[in-house]
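Good morning, colleagues. Please look at the structure on the screen while I take you through it, beginning with the contact between the two chains.

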Amino acid sequence: MNNVFIVFASATSANRVKSVLRKSFGIDSALVQTPKALGTYSGCSYCLKMRAEHLETAWKIVVSNGLSSKGAFDSKDYRKLK
Amino acid sequence: MIYLDNAATTWPKPNQVIEAVANSMKYYGANPGRSAHKMAIRTSEKVYECRELIADFFGLSNPANVVFTQNATMALNIAIHGILKAGDHAICTVMDHNSVLRPLFAKSPDVEVSYLGADGEGAISIADLEALIKPNTRLVIMTHVSNVCGTVLPVEAAAELCHNHGILFLLDASQSAGIINIDMQQMKIDLLAAPGHKGLYGPMGMGLLCINHNLDLNPIIQGGTGSYSKELAQPLELPDRLECGTLNLPGICGLAEGIRYINRIGIDTIGEHEAKLTAYLLDGLSHIKDISIIGKKDTLGRTGVVSFTHAKKDCVDISSYLSSNYSIATRSMYHCAYKAHESLGTSDAGTVRVSMGIFNTLSEIKILLYALKNMI
C-alpha cells in the first residue's frame, strides 16, 4: 500500500491538517519526522504521513487554509506529487 | 483561607487542572515542535489540541492564530509593540491596566496616545471614543472589565465602531475571559489578550494572544521555532512569528483542562454564581457604616470584582485586618490602574478589592461582611 508525505515547515500546520482530516473526514494520518531524503525541503520540520488515496483530500485542506507546505511526496521514491 | 483575590489569580484551581499539570511532566515531557521522537510528537499534538480548544472558546477560526505567552501583559506588549509604528495614533481608556498604559507610554512620543475618560462608576461613552478618532488612528485598546471596580465596558460597540473606521481593536480580556462569553468573529475583535490563570483557571505563567485574521505583527522577540531553521529571519507564519523558545507545556496542559472545566460548567452558570454572590456582598456593604462602594452599586453591567473604601480606615489596614483575624484574602491600594482611581475618586487612598470566583460560597461572603461590621 502506497503512502505519501506532506512536508510542512511548521508543526502547527501539520497538526492542523491532521486534525481536520480526522474530525471532518475520519481519515487517520501520522505526524512523523521528515525523511532525510526530503531534508533539503524541510530543515528540522515534521511531515504528515497518510495513505496515498487521501492525498487529494489532505491537499485541499492545505490549499484552502493557505498553509505553507513544502510539497507532497511518494513515500517510496520521494517523487514530488504536489 | 477565604480567598477573595480572584482578580489577581484564581484559587484554588480545579483538581483536573492540577492533575493535568502533573501528568504533563510525566507523559508529555518532550520539547514540542523540535525533535520527532514519539513523546515529542505526542507533546506537539497536545499543544495543538490546546490551541484548538482556545480557538473554539473565543470563536476564532484558525487555531494557529492562538499565540501562547507567559501572561496577558506579554500578550498586550506583543500586540502593542507589534502593531504601532512612529506616526500612528492609539486610543486606550483610563480604566486600562498598567499592562496597557505602560507599553503605550513607552511608544510615545513616536506614537500619539489618547486616553478615553470614564465617569465616576468606570463607564465610558462610545460617542466620546468616536470623537477621539483621527485619520492616523491605528489601534484602540480597551479592557473588557475594570480590574478595580468590575464595571463592564461596551466593547462590542467599540469594536464595531473601530471596524467601521478601519481601526484595529485589541481587547484586554484579563478580567472577562471565562466569565463573560466572547466570540471574536461575532464581536469583530481583531486581537484578544488574556491571562490563562485567572478566569480560565489554568496555572500561573500562562497567557494568550488571539489574532482574528492575518495581521503582520513585528515580533518583539526572535528565536528558535523548530521551523524554517535554515533561515535567519523569524518565520512569517503564526504562531511561530510571535512564539519562540520552549513553550510552557505544563501551563498549556493545565490551561486546556481549565477551559474544559469551564465548558463543562458553562460560562453562564459561572456568571450567575458570581452575580449572586456579588448582589449579596453589595447589599451587605451598603448597610455597613462608613463603607462606600466604588463603581456600580448593583449587579447590572458589572462582574464580581468589588471595590470599597472606608471613611475612617486605611484600605491597607482593612486588608491586613481581614487577613490576620479571619484569614480572608483581599487586595488593597491601586491595583496597577492608577488612572482608573483618578476617575473613580480614589486616587488618594486606593480601595479594598474583593474579587470572586467559582469556588466562593455565600457563607464566605457572610463571614466577610461579619468581619467588616465588627471592625474596630
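This is a predicted model. Chain B and chain A bury about 1700 Å² between them, and 49% of that area lies on carbon and sulfur atoms. In terms of residues, 24 of chain B are in contact with 21 of chain A.

Let me turn to the polar side of this interface. The rule finds 2 salt bridges across the interface of chain B and chain A. Lys23(A) forms a salt bridge with Glu52(B), and the closest N and O atoms of this pair are 2.7 Å apart. Counting residues at pLDDT 80 or more, there are 8 residue pairs in polar contact between chain B and chain A. On the side of chain B that touches chain A, the residues divide into 9 nonpolar, 8 polar and 7 charged.

Tyr228(B) is placed in the loop between β8 and α7 of chain B. Pro239(B) is also found in the loop between β8 (207–211) and α7 (249–265) of chain B. The peptide bond leading from Leu238(B) to Pro239(B) is cis, with omega near 0°. A further cis peptide bond joins Ser108(B) to Pro109(B), with omega near 5°. Pro109(B) sits in the loop between α4 (98–107) and β4 (112–116) of chain B.

I now come to the sheets of chain B. An open sheet of 7 strands has the order β2-β8-β7-β6-β5-β3-β4, with mixed pairing.

Ala193(B) has Leu209(B) in β8(B) as its bridge partner. Helix α3 (residues 72–83) of chain B lies across β2, β5, β6, β7 and β8, and runs at about 155° to β7(B). Helix α4(B) packs on the sheet as well, touching β3, β4, β5 and β6 of chain B, and its direction makes about 155° with that of β3(B).

The other sheet I wish to show is an open one of 4 strands, ordered β9-β10-β13-β12 in chain B, with antiparallel pairing. Its edges are β9 (291–294) and β12 (331–333) of chain B; each has a single partner strand, so one side of each has no neighbour in the sheet. Neighbouring strands here are turned by 30° against each other on average, direction ignored. Strands β10 (residues 305–310) and β13 (residues 351–355) of chain B pair in the antiparallel sense over 4 bridges. Val306(B) stands opposite Val354(B) in β13(B). Helix α9 (residues 315–326) of chain B packs on this sheet, where it touches β10, β12 and β13, and its direction makes about 165° with that of β12(B).

Thank you for your attention.

Notes
Residues are numbered from 1 along each chain as its sequence is written. Chains are lettered from A and ligands numbered from 1 in the order in which they are written. This is a predicted model: local features need pLDDT of at least 70, side-chain atom pairs count only at pLDDT 80 or more; totals for chains, interfaces and linings use all residues. Side-chain values use heavy atoms; hydrogens and water are left out. Two strands pair if DSSP finds at least two bridges between them. Helices (H or I, at least four residues) and strands (E, at least two) are DSSP runs, numbered from the N terminus. Axes are lines fitted to C-alpha atoms, for helices over the stretch in contact, and angles run from 0 to 180 degrees between N-to-C directions. Contact means heavy atoms within 4.5 Å. Buried area is the accessible area (1.4 Å probe) that two parts lose on being put together, summed over both. A salt bridge is a side-chain nitrogen of Lys or Arg within 4 Å of a carboxyl oxygen of Asp or Glu. A polar contact is a pair of N or O atoms within 3.5 Å; within protein, one must be able to donate a hydrogen and the other to accept it, and residues adjacent in sequence count only if both atoms are side-chain atoms. Ala, Val, Leu, Ile, Met, Phe, Trp, Tyr, Cys and Pro count as nonpolar, Asp, Glu, Lys and Arg as charged, and the others, Gly among them, as polar.
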